Amino acid sequence: MSSMTTSLSAAAARRIALAAQGFADARPAGEITRRHLRRVLDRVRLIQLDSVNVAVRAHYMPLFSRLGAYPAALVDDAAWEHRARRPRMLVEYWAHEASLLPVADWPLFRWRMRHYEQRLGERYASLLKGSPGLFDDVLAAVKDLGSVGAGPLEQELGMTGRRAGGGWWNRSSVKHACEYLFAVGELTTGARRGFQRLYDLPERVLPPEVHGAPELSTADAVRELTRRAATAHGIATEPDLRDYYRIKPPERSREAVAELVEEGLLEKVEVRGWPQPAYRHVDARQPRRVAGRALLCPFDPLIWERARTERIFDFHYRIEIYVPEPKRVYGYYVFPFLLDGELVARVDLKADRQAGTLRVRGAFAEPAAHAPRVAAELATELQVMAEWLELDKVAAESRGSLAPALRAALP
């Protein structure tokens, strides 16, 4: 490293990262509105979707982590409703994974849509050979029917029971076609029923200025996505920035980072203890301290890149959904607990809606954590979460090093 390169402590880098994600701000005291949602989105840029509903679906939790209890309909309304006075704010696409992102960002992914046309076109060649005209028929049916699921589309096209030969999840030919058309940008999500995606034409979902926006070159789009990732991270390595929008191949990301450094939007810095160079966004805040608490779902953008989470917080975290139960270390769906800028504990949560109970199936303190205070703060946050989920109480089981203190702290 050159003597001219800024050197930061790991603690300073952690505070920068937390501020960039909105955790250096106090939660709102009054009614939470679209204005607050927009402020979170301006920071995190996207919200990951996931089908697991053991506690709460992943796309609702990041707002709760940053804002506290808010009406979940705020997200539903922003993502899947459009009215003249309250236009749609979010649209679905493959960003990090399946994600909700600001409507205005949709054109930034046209390069990815073109990539999918080539890559997925090869995968679906046999489908097209066996069902010629299927894609055109699906688009015509969606045009006639409006927002519609794959099941009703199958019935409309008279294809119920026909299956694609083997392969991708053994979904129906129509479902295959819908997912391909979604990936290449010819369909999008008009609405959701439960968690079922209802497909619609992008020109009916997106405003004309977005759907009709001129297509950027791949290099320009990747550079803009990298800039947005840098805003969301505050400080990051190049692989961190690349992962935020899953940019491939790596050379595209490296070129974008170099250009942003040259433009003066990113500053190359050294973070003591980090094995790779870091890049700080020039507008990133570095607060003197970070206070407050938050439960983080496994798909929160603060922690979804596990190597970054370990580097910043010294917190080894893996989701264990796919691990056989006897081999799980912490549990099925574990939420890290953030307290005053540190990840101090983890809790395995389940919303038992029939019993009206938020169940803590395991609670574990990090080695350096002060268990009595962590338990008291965690108990309070769990009660806030339970009330937000319209559950009557919190019940903690005995598993885990923090469980005795947590059980004592709960009413």
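This is a predicted model: local features need pLDDT of at least 70, side-chain atom pairs count only at pLDDT 80 or more; totals for chains, interfaces and linings use all residues.
pLDDT is the predictor's confidence in each residue, on a scale from 0 to 100. One stretch to treat with care is residues 161-170, where pLDDT stays under 50. For that stretch the model has 16 contacts beyond four places in sequence.

Let's start our walk at strand S11, residues 334-339. Of its 6 residues, 6 are buried, so S11 is largely enclosed by the rest of the structure. In a regular strand the side chains alternate between the two faces of the sheet. You can follow that in S11: Val 334, Pro 336 and Leu 338 sit on one side, while Phe 335, Phe 337 and Leu 339 sit on the other, and both faces are covered.

So who are the neighbours of this strand? S11 pairs with S10 in the antiparallel sense, over 3 bridges, and Ala 294 is the residue standing opposite Leu 338. S11 also pairs with strand S12 (residues 342-352), again antiparallel, this time over 6 bridges. In that pairing, Pro 336 has Arg 346 as its bridge partner. S11 and S12 make a hairpin with 2 residues between them, and Asp 340 in the turn has a positive phi of about 50 degrees.

Keep an eye on Asp 340, for it turns up again in a network of salt bridges along with Arg 27, Arg 293, Arg 373, Glu 377 and Glu 381. Zoom in on one pair from that group: the side chains of Glu 381 and Arg 293 meet with N and O 2.9 Å apart. Glu 381 is buried, with a relative accessible area of 0%, whereas Arg 293, at 26%, counts as partly exposed.

Across the structure there are 39 salt bridges. Another one joins Arg 285 and Asp 25, at 3.3 Å from N to O. These two come from distant parts of the chain, 260 residues apart: Arg 285 is in the loop between strands S9 and S10, and Asp 25 is in the loop between helices H1 and H2. A further salt bridge links Asp 200 to Arg 204, with the closest N and O atoms 2.8 Å apart. Asp 200 counts as buried because its relative accessibility is 8%, while Arg 204, at 40%, is partly exposed.

Glu 320 is in the loop between helix H15 (306-313) and strand S11.

Last stop: helix H4, residues 73-80. With 6 of its 8 residues buried, H4 is largely enclosed by the rest of the structure. Among those buried residues are Leu 74, Asp 77 and Trp 80. The buried residues of H4 pack against helices H2 and H3 and against strands S3, S4 and S5.

Definitions and conventions
Residues are numbered from 1 along each chain as its sequence is written. Side-chain values use heavy atoms; hydrogens and water are left out. Helices (H or I, at least four residues) and strands (E, at least two) are DSSP runs, numbered from the N terminus. A salt bridge is a side-chain nitrogen of Lys or Arg within 4 Å of a carboxyl oxygen of Asp or Glu. Buried means under 20% relative accessible area, exposed over 50%, partly exposed in between (1.4 Å probe, protein chains only). Contact means heavy atoms within 4.5 Å. Two strands pair if DSSP finds at least two bridges between them.
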